[in-house]
Amino acid sequence: MSRHIETDISRRTYLKVTGASSVVGLTGIAGCLGDDSEEITPGTAPGFPPFEMREDGELIGFDIDLLEAVVAETEYELGEWDEYEFDGLIPALTSDQIDVIAAAMTINPDRQETISFSDPYWESDQAVLVRDGGEFQPAGWDDFEGRRVGAQSGTTGADQAQQNLIDAGIIDEDDYSSYGNYVFAVEDLENENIDAVVIDLPVAETFAAQRDVEIAFIEETGEEFGFGVRQADDDLREALNDGLAAVQEENTYAEITDRWFGQE
């Protein structure tokens, strides 16, 4: 059964109703607010529904709700959200423009050479999206010869396309398109500018429920998402882990999950 996403309740109203305290946007600059609180600036990359997206000018999504609920369990305060393209998030973190990444970012060794991660909060595989009812219905990577493929720059979907298609010699570099945002990739797919998109499974399911695209096959990668922090920020990482554990033990995590991934 496909997942149904309800977006008619505002993020802040939802958090108020469920008891997960939303945090009033402050200055966006990390610094002391008082003796007991320190403001942290979160960063994300909209265009990855249902984890993060913009709707009617408001930043909403699973990651947005979850990080706000997690930080509400700590002594930190959450500042205003900064938005980047996905591959700009780690540079923004390491250059102190933001303090935490909440963007469905997979924990992997390459990224851990540069940043640190909280405990995992979500598991995912990769999926291949094609046009709904289209003539291209691949069952595996070997079916992509002569096809045009897209993915979002800096993602594990892009890594899968590189490893399984370009490095394997199944498609040429010229047949691969990189996007700053998966919304643009799916639009190009619908407009027949490319033949497939490689993308995280829950996001693929959301696009399939909302657009004229469908999942052709799933690549089981067993990825885990975590919040990204600077390697030296041990106190913040431990606080996020404690907050995440508290949210998971309470009903808040289940309520946030049900809101964004609840089945029809």
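Modeller: Let's settle one term before we look around: a residue is called buried under 20% relative accessible area, exposed over 50%, and partly exposed in between. We will apply it to a predicted model.

Colleague: Thanks! How much of the chain is buried?

Modeller: Of the 264 residues in the chain, 52% are buried. The fold contains 9 helices and 15 strands. Among contacts with a separation of 6 or more, 75% are between residues 24 or more positions apart.

Colleague: Where does pLDDT stay under 50?

Modeller: The general idea comes first: where pLDDT is low, the predicted coordinates should not be read in detail. Here that applies to residues 1-35, where pLDDT stays under 50. The model does show 77 contacts beyond four places in sequence for that stretch. For the chain, the average pLDDT is 88, and 86% of the residues score at least 70.

Colleague: Now the sheet. What is the order of the 5 strands in the open sheet?

Modeller: Strands of a sheet pair through backbone hydrogen bonds, either parallel or antiparallel. In this open sheet the order is β12-β11-β13-β10-β14, and the pairing is mixed. At the edges sit β12 (176-179) and β14 (213-225), each pairing on one side only. On average, neighbouring strands are turned by 20° against each other, direction ignored.

Colleague: How many bridges join β11 to β12?

Modeller: There are 4 bridges between β11 (residues 149-152) and β12, and these two strands run parallel. To find the pairing by eye, look for A151, which stands opposite S178 in β12.

Colleague: Which strands does helix α6 lie across?

Modeller: Helix α6 (residues 182-190) lies across β10 (122-131), β11, β12, β13 (196-200) and β14. Relative to β13, the helix runs at about 150°.

Colleague: On to charges. How many salt bridges does the whole structure have?

Modeller: Side chains of opposite charge can pair when their charged atoms come close. A search of this structure finds 11 salt bridges. One of them joins D99 to R230, with the closest N and O atoms 2.7 Å apart. D99 is in the loop between α3 (89-94) and β8 (100-101) and R230 in strand β15 (residues 228-230), so this pair ties together parts 131 residues apart in sequence. Both D99 and R230 are buried.

Colleague: What distance, N to O, separates R147 and D195 in their salt bridge?

Modeller: For R147 and D195 it is 3.9 Å. This pair also links distant parts of the chain: R147 lies in the loop between β10 and β11, D195 in the loop between α6 and β13, 48 residues apart. D195 is buried because its relative accessible area is 5%, under the 20% cut-off.

Colleague: Is R211 buried or partly exposed?

Modeller: R211 counts as partly exposed because its relative accessibility is 27%. Its salt-bridge partner is E190, at 3.1 Å, N to O. R211 lies in the loop between α7 (201-210) and β14 and E190 in helix α6, so the pair ties together parts 21 residues apart. E190 is partly exposed too, at 25%.

Colleague: Which residues do salt bridges that share partners join into one network?

Modeller: That network consists of R131, E135, R147, R148 and D195.

Notes: Residues are numbered from 1 along each chain as its sequence is written. This is a predicted model: local features need pLDDT of at least 70, side-chain atom pairs count only at pLDDT 80 or more; totals for chains, interfaces and linings use all residues. Side-chain values use heavy atoms; hydrogens and water are left out. pLDDT is the predictor's confidence in each residue, from 0 to 100. Contact means heavy atoms within 4.5 Å. Two strands pair if DSSP finds at least two bridges between them. Axes are lines fitted to C-alpha atoms, for helices over the stretch in contact, and angles run from 0 to 180 degrees between N-to-C directions. A salt bridge is a side-chain nitrogen of Lys or Arg within 4 Å of a carboxyl oxygen of Asp or Glu. Buried means under 20% relative accessible area, exposed over 50%, partly exposed in between (1.4 Å probe, protein chains only).
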